[in-house]
Amino acid sequence: MSRQSTAALLAELNRLKLEVHSLKTEQGTEISIGNYLLTRLEQLGVTNMFGVPGDFNLGFLDLVEDHPNIEWVGNCNELNAAYAADGYARVKENSIGVVLTTFGVGELSATNGIAGAFSEMVPVLNLVGVPSISQQTAKPLLHHTLGDGRFDAYTLAAQQFTYSQASIKNTDHAAAEIDRVLIDCITKARPVYLALPTNLVQAKISTQRLRTPLTRSPPPNNSDVESFVLDLIEKQFEEAGGDAVVLVDACAIRHGTREEVREFLEKTKLPVYSTPMGKTAIDEDSDRYGGIYLGSISRPEIKDKVEAAKLVLSIGGLGSDFNTGNFTYNIPVKRTIELHSDHTKVQYAAFPGIGMKELIPKLSDRLKTHAVTASKIPVLKFLAPVPKEETGVITHTYFWPRMAEFFKAEDVIVTETGTANFGILEVPLPKDSVLVSQILWGSIGWSVGSLLGAALAARDIGRKRVILFVGDGSLYSHAHSSYSQLTVQELSVMLRVGVKPIIFVLNNSGYTIERFIHGKTRYKQRSILTFAADEVYRKYNDISNWKWTSLLSTLGDTDETISQSYTVNNKDELSNLLNDASFARADKMQLVEVIMDKFDAPKSLHLQAEMGAKSNSYDNNSNPMTAFKM
């Protein structure tokens with residue numbers, strides 16, 4: 001029996017034990033509901049909890065602050081706290097992120113971050129302190145309510161953005177409900193919602209269930225169906241004569257199959273490519289790794305190799321617009337095999353319940369006979385040499401290959417929605433590095449809050465360097481929101497908790513990704529009143545220019561002893577800084593302002609934005625101010 005099958009059976013045994021505990025009267029040592037939850041979180045490897053204090057969660061916060069192994073990380077706002085929990089869970093795999101808010105006003109502020117975690121399949125516990133059971137029953141005109149007695153309104157809202165929900169009502173079912181949502185969180189890789197009333201935080205329940213670990217593995221595959229699927233896939237490979245490629249995507253990361261995929265590739269020697277959301281799922285220094293496949297936006301040599309293969313084995317695929325070159329994959333279904341967390345597809349046939357974590361090791365043993373043939377399929381090395389340019393201006397064409405020379409093994413690299421998300425795709429990353437990005441949800445400003453969680457998680461697991469690339473627009477604003485709240489505030493929390501990221505602020509005077517989608521170019525406009533023709537430039541993508549190098553001293557490092565800031569205006573200044581050994585050691589928090597042209601962007605962003613603009617179908621002639629043609 002394989003290691004994965006044994007783990008699946010053990011997980012099922014633990015699940016059954018928990019069901020038995022729920023059915024029988026529990027006796028023995030007691031523990032408060034609040035501490036029961038904290039013990040479960042500790043068992044899941046949680047060492048940091050993010051959030052904002054509020055009057056309905058303060059009693060629980062007393063327990064958090066007194067806990068020996070879980071640190072409270074107070075955030076500047078709930079949205080940033082949700083972002084931080086997201087980043088923490090992405091870097092500390094096999095654990096979860098936790099964000100604690102108060103009833104109503106707090107939890108709604110975190111909703112965008114929770115929705116992003118749901119969209120991107122990140123396991124986060126959305127924990128909310130809520131009014132007492134007696135208040136929920138009597139329904140007084142309580143603060144933080146909508147004023148109409150609907151105390152369940154926020155729980156109903158959470159149903160849209162979390163996989164499962166639990167509202168603790170009594171001591172009888174508290175432990176089982178906590179366990180239920182936590183199991184959903186770790187097995188489905190989605191956020192879950194838990195409401196904890198003020199009067200039940202200290203209520204006592206049995207500790208008996210704590211003796212049984214929570215189930216991490218999904219239910220075992222049906223052996224008969226799995227055997228049939230293996231035969232079917234093996235037959236497809238034989239008919240293809242071994243002419244196949246592997247395409248690794250986001251869900252291979254989210255559902256914990258990195259190791260299984262690595263062993264599969266070692267045994268089969270198949271050429272492998274990744275998608276943008278699957279980047280760093282496999283080591284990019286492998287001689288069988290060919291780069292990023294992004295549909296029509298791909299490098300021509302990558303596009304040709306993937307689309308010419310007789311068979312494409314997709315592992316953990318996620319077909320979103322920015323992950324597929326705006327849906328421009330050119331791979332027929334009849335040449336595709338898809339492995340997912342909870343189902344498998346072979347051409348047009350679907351097999352529900354046959355998950356990849358258990359299937360991949362068995363597939364490795366079946367397909368290793370094709371290794372000799374597969375190893376002869378040429379794979380062009382994915383390289384990004386630093387170009388020689390006459391100008392001293394820092395261009396994206398130069399910047400990302402030069403940064404690739406700076407990266408080290410085991411770096412955690414966080415990129416923001418926009419130029420950074422696309423620029424990082426154009427260069428290979430070192431062995432065992434981790435890329436943290438939010439390509440599907442794409443909330444501008446997410447990366448700054450996420451950086452805090454990622455840095456704390458990296459410190460927990462012994463990774464030295466965490467590097468953020470963020471545009472000035474993303475650092476300035478948050479989440480496409482009309483509010484003036486700033487993700488930049490979270491830099492103050494980073495200084496307080498002692499993490500030491502390197503932050504590259506790409507100063508291009510605003511929202512470059514949105515300029516390329518719409519509003520970038522000037523055009524002639526006639527005034528309705530004067531009929532005079534004027535040059536018009538869309539200003540909504542511009543922002544005020546801050547003194548970025550003063551942020552860290554303003555936000556906490558008042559004597560400038562635990563941080564350092566720099567501005568690089570040209571290629572020489574950038575290269576000299578990157579070559580500085582003290583800078584590269586990352587032994588203090590560092591911010592680098594990189595001056596770039598406002599209309600410069602990575603090539604892939606140019607192409608993606610052009611297709612996105614066409615999809616949006618904006619029509620200037622619908623504007624009465626532009627209806628008067630020249």
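**Notebook: cysteines, confidence and a helix pair**

I began with C185, which is buried, because its relative accessible area is 0% and the cut-off for buried is under 20%. This is a predicted model, so I kept the confidence values at hand.

Next I looked at C76. Its relative accessible area is 34%, and that falls between the 20% and 50% cut-offs, so I noted C76 as partly exposed.

Then I turned to confidence. The protein chain has a mean pLDDT of 89, with 84% of its residues at 70 or more. Residues 478–485 stay under 50 in pLDDT, and I found 15 contacts beyond four places in sequence for them in the model. Residues 621–630 are also below 50; that stretch has 20 contacts beyond near neighbours in sequence.

My last entry is a helix pair. How do the axes of α12 and α14 cross? Helix α12 covers residues 258–268 and helix α14 covers residues 356–367; their axes come within 9 Å and cross at roughly 10°. That angle is under 35 degrees, so I wrote down α12 as roughly parallel to α14.

I also listed who makes the contact. From α12 come E260, V261, E263, F264, K267 and T268, while α14 brings K357, I360, P361, L363, S364, D365 and L367. Sorted by class, the contact has six nonpolar, two polar and five charged residues.

Terms used: Residues numbered from 1 in each chain as written. Predicted model: local features only at pLDDT ≥ 70, side-chain atom pairs only at ≥ 80, totals over all residues. Heavy atoms only, no water. Buried < 20%, exposed > 50% of the residue type's maximum accessible area, 1.4 Å probe, protein only. pLDDT = per-residue confidence, 0-100. Contact = heavy atoms within 4.5 Å. Axes fitted to C-alpha atoms, helices over the stretch in contact; angles between N-to-C directions. Helix = DSSP H or I, 4+ residues; strand = E, 2+ residues; numbered from the N terminus. Parallel < 35°, antiparallel > 145°, perpendicular 65-115°, else oblique. Nonpolar A, V, L, I, M, F, W, Y, C, P; charged D, E, K, R; others polar.
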